[in-house]
Amino acid sequence: MSVPFLRQARLAQSFAVARRFVSQCRRYSAPATRPRHEPEQDSASVAGPSRADASATTAPAVLKPHVDPEPYEPLTRIQKYLTLLNAAGMEPTLEDLEACKPAERPQPHSPQYVTAYNELVSSLCRSFTKEQLRKFLVQSLGTSRHCATNRKKADYAESILNQLWKWPTLSELEKAKRDRTEVVNQMIPMVSSELFLILGRDGVDLLRMSQDYDVHISLRQKPMALRIEGTRTAVKEVIEHITSTKKTFMEEKFDLPTPTPIPADMVPRISRIAQAYLENIESSPGKIRIFAKDADGIETAKRLASRAVHEIELDSRTPLLTHLPAGTAAHTAEPLVLYPHVYAFYPYLSPRALPFTMNTSGAFRLRRVGEWLKSGYQEDVESTGGLASEHGHILTANETPLKLKETLMSALPESVPGSNVVVKASLGHMLLTRISKDQRATLVPPLVGDHPFGKIRRWIADNPVKMSFVPGVPLPLLNTAPAEQKVIHRLVYHSISPEPSTRDPRTTLHRREVISFEATFLESTSAKSAAVDSEFARSDSDTSQDSEQESQQTQSGESLALIVSNARCSTGIQAELNLMMPDRPMDIQFSVTDVAEVSEGEEPPELTEYTRKLRAFLEGSPTQQEQPTPPFLIDYCEKWYLLGSNVSARQSIERVTASGLQPVHDLIDKSANATHALCESSLDLESNQRSMHCQVAYADVSSDNSWKLFLRDCDRLSVLTPKSNANMPLLDNGNSIL
């Protein structure tokens, strides 16, 4: 029925056009033919003036245009025709409506779309009545606001385009065009914790967000807010993204192991490493509030914050001693003629990141100031005798002289030391840092200029500065090829409740109980080596030879995997002291330990479970796909122990003689006089920071000769410097001119 209906509609339009044309012709032809037809008169004579007189006296007749009794109204006639069809029972169907739908739709944002949209609305209005259009909407949408009876016919037609045929409205396109082109800016209020998490590490997340949505984001401080500038659509999407992200943030309060707040200058560094916002709760010392994106961030923040507070407490209990060679004025505040040495704080620029417990705004080391017309600016161990001769001065902060061996042994229990006592000397630098919130790097030391050592020592005691030991390796050992390497994984736990001491902490070593767990790994080829090698990564100090070997293994399709070959646990006591040596390139940290290995089956259950998971992870067990996390707290023998160190390290043995670093094949016959230094490249798995260590050990505490050899090794390593022509005398024809 739809085809006859459309034919009748077109025929009705053709008839209407024809009738209008005939009517126009009749209207404009009437004035020309009307004079030929005079008004009809009766055949009988009528009393009155003659015809001539009548024509002379009567006004001429006015010719009026023909008026059609039914003026032409196209829409009205079409409506009447459609009404007649409706009365005849010929109702259009949805198929008739779909026949009016174009086969293709122009692009919504093109000029052709507007033309096609208007023509289609006009076509629907001409083809159907208002009630028919409404009926189509009711049949398709049911009862809705688009089918309201008080709407106009054009509104029904547009609703058919928008709702049934899914054509966007012109107002929507205009709004979308305005949103795409109009630039607006909007402010989003923020608090410190939200802003920190949205920024990400070094602002990477905020930069990525700005690039993804093509907007400009800036920070406003008062009041704190993010200012977003861009198109209206982009700004709206960014705001929705930030709002949804803020709803996922987590908050938790945590009690630190000791009732000590985190230093203000350390809070930003811990927050950056953990990717969690930390703040001290001032009303409750030792309690912090943590904001993070997920539970892992909160757990990492807890571990780092607890460890930082614990290390601060240990540093405050570690004595700081100073070694001055023989012939140095130790007590005077003014330079003497016989002892002209003066000292100053020099900026220390580390090739690696400093420990996260240190203020990175500026680190300085105390060194002797170079003297004019002298080749050296450091101690000549051959002339002074060094530590081995014991001719120099070892002083405390209050100028009390001490004997190094007696001070170390005083940390052990009153009983006779056993065979497990070991003294170790680690090379590094004693660095001075400011105690301030300022994070701007500076090269200006807190104490400017050169001064006698006595004045500097009193300044350190009277001013709020912090001295920290940072381990390191002598420069000549950095470029050597490691020999006799092995890979280990080490955990060290410290007792939380330290043993109280009534003696002076400036002269007395602080003794604490420790639990040490060490696992040795063997290297072998495995399919899972890539994942394992990424977790137990090599340090960035590996030599070029190692890197070349590793690249060759990677090219051949084989790489290194680690397998646990030996894991042992030991407990005991440990004490440390720092020895500052400003006349040498490096300082030394001495530690004395008395530990015993725990028999199998008596280890802390937390470490036993951790060892099992670690073996399963390295063996590629499907039950342990992720590297296990070591326990942070251990309850052992009715005491709580806190994780103080969690590292994976690569160790090697280096041999050094009095003349410096020597190749291994040159030391076959002189191994008795060589110093065997243990070099270690480690990765802290908690803070993801790398460090280098170099140490020598002394185990035979009952032998004075072994003690002197131990101090000789300390002298060799602490003065070891690269050979340079700068220290050679000036020559003139083979004769020295100085």
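**Backbone exceptions and a helix pair**

Reader: Is E638 buried or exposed in this model?
Author: The model is a predicted one, and in it E638 lies in the loop between β17 (633-636) and β18 (639-657). The relative accessibility of E638 is 80%, and exposed means over 50%. Because of that 80% relative accessibility, E638 counts as exposed.

Reader: What is the phi of N688, and where does N688 lie?
Author: Most residues other than glycine have a negative phi. N688, which is not a glycine, has a positive phi, and N688 counts as exposed because its relative accessibility is 60%. N688 lies in the loop between β20 (675-684) and β21 (690-698), and its phi is about 60°.

Reader: Which two residues are joined by a cis peptide bond?
Author: Most peptide bonds are trans. In the loop between β2 (216-220) and β3 (225-231), where P223 is found, there is a cis bond with an omega of about -10°. The residues that this cis peptide bond joins are K222 and P223.

Reader: How many nonpolar, polar and charged residues are in the contact of α12 with α13?
Author: Helix α12 (residues 267-274) and helix α13 (residues 295-317) pack at an angle of about 145°, their axes being 9 Å apart, and α12 passes α13 in a right-handed crossing. From α12 the contact takes in I270, I273 and A274, while α13 brings G297, T300, A301, L304, A305 and A308. Sorted by class, the contact of α12 with α13 has 7 nonpolar, 2 polar and no charged residues.

Methods:
Residues are numbered from 1 along each chain as its sequence is written. This is a predicted model: local features need pLDDT of at least 70, side-chain atom pairs count only at pLDDT 80 or more; totals for chains, interfaces and linings use all residues. Side-chain values use heavy atoms; hydrogens and water are left out. Helices (H or I, at least four residues) and strands (E, at least two) are DSSP runs, numbered from the N terminus. Buried means under 20% relative accessible area, exposed over 50%, partly exposed in between (1.4 Å probe, protein chains only). Axes are lines fitted to C-alpha atoms, for helices over the stretch in contact, and angles run from 0 to 180 degrees between N-to-C directions. A crossing is left-handed if the near helix is turned anticlockwise from the far one by less than a right angle, and right-handed if clockwise. Contact means heavy atoms within 4.5 Å. Ala, Val, Leu, Ile, Met, Phe, Trp, Tyr, Cys and Pro count as nonpolar, Asp, Glu, Lys and Arg as charged, and the others, Gly among them, as polar.
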